[in-house]
Amino acid sequence: MSDKPEKFIDENGLRLDGRRVDEIRPMKMEIGVLSRADGSCYLEWGKNKVLAAVYGPRELHPRRMQKADSVLIRYRYNMAAFSVEDRIRPGPSRRSTEISKVSREAFEPVVLTHLYPGAVIDVFAEVLQADAGTRTAAINAASVALADAGIPMKGLVSACAVGKVDGQLVLDLNKPEDNYGDADIPMAMTSDGEITLVQMDGDVTQEEFKQAIEMCKEGCRQIMEIQKETLRNKFTKLDDVEVPDE
Ligand code: ADP
C-alpha cells in the first residue's frame, strides 16, 4: 500500500507541514564547527542535517593532476549510512557521484579559480540526516564553508528546489512531496540570479518552469540572507575580541 497522501495542500492553502506554497523550511547554520578544516558549516534545514568541510587551497598531488591555469575544485557529497530510515550502503553510488559532479559545477562559476593554479580545493558535504532536498542543503552549507575558508568568490551560491503537487508549484519540497509529487526541480544560483545548477525530475509546462525559476529565486534570496547573517555573526564576534596591550 502506498503512503501517498490524498491531498498535499489543504483548503487554506497550507501544506502537510503547515507551510505556505512559497515558504521554505526553517533553516539554521553554524560556522567554523570543525577545527581541522580550513572552513566548515553545519546546517539544519527542516529535518535535514548536513556538515560541510573545506580544505585548501593546497598543492595538488599527484602533480600530473594539477591544472596549469586554475585551481581544481573537488566536491564529495556523501550520505551517512545512518542518514535515512533504511541503512545506506557506505561508499560512492551512482546518485552520489552525479550529485557531487553537478554540485562542483554549481561552484565553478563563482570561485576565482585562476588565483591558485596547480592547487586544489576539497569540499566534503556529509549528509547526517536526510529528509528531501539534501543536495541543495549541502550546497548551501558548502557555500558558507567555502567563505569560512576564505576562498575568493564572486559571491555566495544558494540552492533550493521547487516541485509540483496537487497541480501547484511548491517551494522547498518536504519528504512526501519529494516522494509522491509530480516534479522536483533543484536549482542553485548566485546573488545576481545566475543559475549554476538546474535539474529536473518529473513534468512541468514551460510556463510552470518559468514560474518555478522565479519562486526559486525568492527562496534562494531568503537563504542567502541566512548565509550572510551566519558569516556576519562570525566576523562580528572576531571584531569583539580584545587585543591585549603590548
Ligand atoms: P535530494 O535529497 O537532493 O532531494 P533525491 O531527490 O535523490 O535527492 O532524494 C530525496 C530523498 O530521498 C533524500 O533526501 C533522502 O531522504 C531519500 N533518499 C535518497 N536516497 C536514498 C537511499 N538510497 N535510501 C533511502 N532514502 C534515500
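Predicted model: local features only at pLDDT ≥ 70, side-chain atom pairs only at ≥ 80, totals over all residues.
Let's begin with two helices. Two packed helices are described by the angle between their axes and the distance between the axes. Here the pair is helix α2, residues 134-148, and helix α4, residues 206-240; their axes come within 11 Å and cross at roughly 30 degrees. Angles under 35 degrees count as roughly parallel, and α2 and α4 are therefore roughly parallel to each other. The crossing of α2 past α4 is right-handed.

E208 lies in helix α4. Is E208 buried or exposed? With a relative accessible area of 15%, E208 falls under the 20% cut-off, so it counts as buried. Leaving aside residues up to four places away in sequence, E208 touches K164, G167 and L169. A212 also lies in helix α4, and it is buried, with a relative accessible area of 0%. With the sequence neighbours up to four places away again left out, the residues that A212 touches are V162, L169, I185 and M187.

How many disulfides does the model have? The count comes to 0 disulfides. A disulfide would need a pair of cysteine sulfur atoms within 2.5 Å. For C160, the closest cysteine sulfur is that of C216, and at 4.9 Å it is too far for a bond. C216 is in no disulfide either: its nearest cysteine sulfur belongs to C220 and is 4.4 Å away. C160 counts as buried, at 0% relative accessibility. C216 is buried as well, with a relative accessible area of 0%.

Finally, let's follow the backbone itself. Most residues other than glycine have a negative phi, and most peptide bonds are trans. Against that background, a few places deserve a look. The peptide bond from G56 to P57 is cis, with omega near 0 degrees, and P57 sits in strand β3, residues 48-59. Another cis peptide bond joins H61 and P62, where omega is about 0 degrees. P62 is found in the loop between β3 and β4, the latter spanning 72-79.

Two residues other than glycine have a positive phi. For A132, phi is near 75 degrees. A132 belongs to the loop between β5 (119-129) and α2, which brings us back to a helix of the opening pair. At 9% relative accessibility, A132 counts as buried. For D172, which is not a glycine, phi is positive at about 55 degrees. Its place is the loop between β7 (168-171) and α3 (175-180). D172 is buried too, with a relative accessible area of 2%.

Key: Residues numbered from 1 in each chain as written. Heavy atoms only, no water. Axes fitted to C-alpha atoms, helices over the stretch in contact; angles between N-to-C directions. Helix = DSSP H or I, 4+ residues; strand = E, 2+ residues; numbered from the N terminus. Parallel < 35°, antiparallel > 145°, perpendicular 65-115°, else oblique. Left-handed = near helix turned anticlockwise from the far one by under 90°. Buried < 20%, exposed > 50% of the residue type's maximum accessible area, 1.4 Å probe, protein only. Contact = heavy atoms within 4.5 Å.
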